[in-house]
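Here are some friendly notes to read alongside the model. Please keep the structure open as you go through the points.

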Amino acid sequence: MTLSSIRRVEKRYDPLLTETIVVSVGPQHPSLVSPVQLHIQADGELIERVTVEQGFMHRGIEMLCSQRDWAGCAALLSRTEWLAGMNGHFLLSSAIEELSGLEVPQRAQFLRSLVLELGRLSSHLYWFGDLGLEVGAVTPVFWAMREREPLLELLDMLSGHRWHGAYIVPGGVSHEPPAAFYQRLRAWLPLMRRRINSYEEYFSDNAIWVNRSELIGVLETDYAIKNGASGPVARASAVDCDLRRDAPYAAYGELSFKVPLGEYGDALDRFRVRFMEMRESMNMVEQCLDALAGAELGSARLVGASLDSPSLAAGIQGKAGQDPPLQNQAGQDPPIQIPAGEAFVSVEGPRGELALSVVSDGGHGPARVHLRGPSMYHLHLLDELCRGYLLADLFVIYASLDIMVGEADR
Amino acid sequence: MSPELLTIIVRGGIFTLCLLTAFAYLTFIERRMLAFFTWRVGPNRVGPWGLFQPVADGVKTILKQEMVPMKADKVLYMMSPVIAFAACFGMFGLIPVGEGVWMSNVPVAVLLLLGLSSLGAYGLILAGWSSQSRYPFLGSLRTCAQVISYELALGLTLLVPVIITGSLSFNDIGNIYWGPHWNPLYLLVLLPAGLLFLVAACAETGRVPFDLPECEAEIVAGYHTEYSSMKYAMFPMGEYIAMTAFSAIAVHMFLGGYHLYIPSSIDLTQPWINISNWVGLLVDKIGLSGALAPPWGPPKWLVPEPYWASLSLSPAGLSTTLTFLAKMAILILTFMWVRATLPRMRYDQLMRFGWKLMLPVGLVLVFLTSVLVVFAPPAGSEAEDDYGSRPQPVVEVEDVYASR
């Protein structure tokens, strides 16, 4: 007898021949932030089947990418998973580096790891606020937004944009961060550590939340592997996978961190795993800061690396007057060629494995782009996860999967 | 027109006006409170400190377009907001808010109240049923189950003070901590009963963490999803008034009603001094009793003499009303605080909590109370009535039946 079958209610013989109803949730619904439609076949409140209808947020990003130059492609990719937009920039930059055989300096690698972890923190903070709303607690979302604000300001300092800053560019990062960035980040970390603890306690000490998430939406290990779950969702189901450790990119090979695993794969485990991940992220940010402050790691960007696309070159210019001078003035360097070829890069995003496959024909932009996002896979786990649970559980499960519809629809 | 009838009409008008204002400003206060808990400012645009926000909300709600679902059962659909609203308003007609300040002094007020609060549930159930839509349907199913299961616990907790005082009239029950009913042992049952009552009242009025009938994350707005304009506004109105009414009942049942006591000594048999009439005491202290002690009321030339007495407010009435409102405010703010703090329970957990925990605890409390009343009877039950300024109930239960 598996764990999930203990909890789930099986359909009983029904002498009254009651009909099941189909409740259609979305695309406009108070608890769905981004549009997706769920057709829930329910016997009263008991869910028998969930059919996911998606495509309401399809923007044709892959097609658009193949019609744009490399800079436009980066901007589009960062808008697929917008809560951690730096992942898109990182994916495209490392694909370009793979295509043209660029070696990224060590300092840039650490800065990339730092920014990617900040993105993860920002995304997880947003998730935890949303989780509160789904279970009817109105306050956590404001905590989450309050903690996210300084984080976004830090990202704004780096690149001039709070969400989609093109800080990670081919050949490194666009420029060395200002000194104030390091100071503010260092001041923010201990505060955040304390607050993360109290936020986790708010949930995990609360009998109502624990009752609502314990053994709810159990995702079994085999099922998770078979159906392509990744990221915190897979790790909560005890699938020991993390690209940062298994296939290190950026500076993750030199950082020490734990990969938190769950035990039962229920909503509570997914919640715990994400909170543990946030702590690990803060540890990694601290390690990056130490490394950046210490040894000489080279420049923040490959000298001489620039792209033939003028818009990307313009985009990486920092704000004049505030930032330290750019190490290489855009437009002055000889443009590098992006040779024809194929590249496949993947990154452990906040929601799971994000992968990008790029085909270049040697022109101004990619010939073909394909993105693999975790949300698509997680969205279609819903049917399996929700069967036999109550309608109220669906929204807890949905929130615990942390699905970003924009990334699933693309 | 007899003075009694006129009194009821005028007082009814005053009560209704006060309640409507109270509802409007409760929404405002709740929004400001929630804002305070979440580091926001809250509504502060309309008028000074946003004080006219409720007015603006009201105007907006009235001017909204009315939409009736095509398949809805029109009669029930129109009726149900009225039922919900009227039942909650009716509850307040039975609750005295101060000495002599009431719309009606019914000797069986507690029973009537329970009846009215059940009637209000019909409004919510019918609203969901008649809308012919899925979300309201689920919402009304939940309401139905929730109200039935928590009504039981609610009634049982109300029985505790009723057994102790042997009365169903709020004016008597308010004296529970003072006078002939007092026995320190009663705290053993009154305290848990009070807490249980607050929880059950939360569920009965559909407040967080029991706001399942209208939980927005799951079933959009529950039973009133298909309502718009003023018909919609009557549901929240009823809900807020019910919250106020249940706070008032809790004050009467478990917080000493409109009386105010201060501890006098460690003598457990009679530890309290009654200072309910603190305005009168204050006026006496300042030495203005000659000028201020008589009751206040409308100008004598406006109201003929036989009517005047019933429309005036004595110092005792004023001070007890203020005391009552202050106690009520504490409870209402607690409800709001809970809303900012707790997540929502799940439907089946709610039912389990109601039937498997609250109901047995309520039953045990009623049993304990009965035992206590037999083995530790009210302290002064045999003694003469020498409790100083204890306010006498205006209508004795026996009197009412004798006069018919």
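1. Let's begin where the two chains meet: 34 residues of chain A are in contact with 27 residues of chain B, contact meaning heavy atoms within 4.5 Å. Please bear in mind that this is a predicted model, in which local features need pLDDT of at least 70, side-chain atom pairs count only at pLDDT 80 or more, and totals for chains, interfaces and linings use all residues. Residues are numbered from 1 along each chain as its sequence is written, chains are lettered from A and ligands numbered from 1 in the order in which they are written, and side-chain values use heavy atoms, with hydrogens and water left out.

2. How much area is buried between chain A and chain B? It comes to about 2600 Å², and carbon and sulfur atoms give 62% of that; buried area is the accessible area (1.4 Å probe) that two parts lose on being put together, summed over both. On the chain A side, A:Glu45, A:Phe142 and A:Ile208 lose the most area to chain B, together 21% of what that side buries.

3. The rule finds one salt bridge across the interface of chain A and chain B, where a salt bridge is a side-chain nitrogen of Lys or Arg within 4 Å of a carboxyl oxygen of Asp or Glu. The side chains of B:Arg346 and A:Asp393 meet in a salt bridge at 2.8 Å, N to O.

4. Which elements give two or more residues to the side of chain A that touches chain B? They are strand 1 (21-25), helix 5 (106-134), helix 6 (140-159), helix 8 (207-213) and helix 16 (391-401) of chain A. Helices (H or I, at least four residues) and strands (E, at least two) are DSSP runs, numbered from the N terminus. Strand 1 of chain A provides the largest share, five residues.

5. A:Gly44 sits in the loop between strand 2 (37-43) and strand 3 (46-53) of chain A and touches A:Ile21 and B:Leu138, not counting residues up to four places away in sequence. At 26% relative accessibility, A:Gly44 counts as partly exposed; buried means under 20% relative accessible area, exposed over 50%, and partly exposed in between (1.4 Å probe, protein chains only).

6. Is A:Ser113 buried or exposed? This residue of helix 5 of chain A is buried, with a relative accessible area of 0%. Leaving out residues up to four places away in sequence, A:Ser113 touches A:Ala250, A:Ala251, A:Tyr252, A:Leu255 and A:Cys288.

7. A search of the whole structure finds 29 salt bridges over all chains. In one of them, the side chains of A:Arg186 and A:Asp290 meet at 2.9 Å, N to O. A:Arg186 lies in helix 7 (residues 179-204) and A:Asp290 in helix 12 (residues 267-293) of chain A, so the pair ties together parts that are 104 residues apart in sequence. A:Arg279 and A:Glu200 also meet in a salt bridge, at 2.5 Å, N to O; A:Arg279 is in helix 12 and A:Glu200 in helix 7 of chain A, so this pair ties together parts 79 residues apart in sequence.

8. In chain B, the side chains of B:Glu30 and B:Arg339 form a salt bridge at 3.2 Å, N to O. B:Glu30 is buried, with a relative accessible area of 1%, whereas B:Arg339 is partly exposed at 26%.

9. Finally, a word on confidence. The mean pLDDT of chain B is 80, and 85% of its residues reach 70 or more; pLDDT is the predictor's confidence in each residue, from 0 to 100. Please treat one stretch with care: over residues 381-390 of chain B the pLDDT is below 50.
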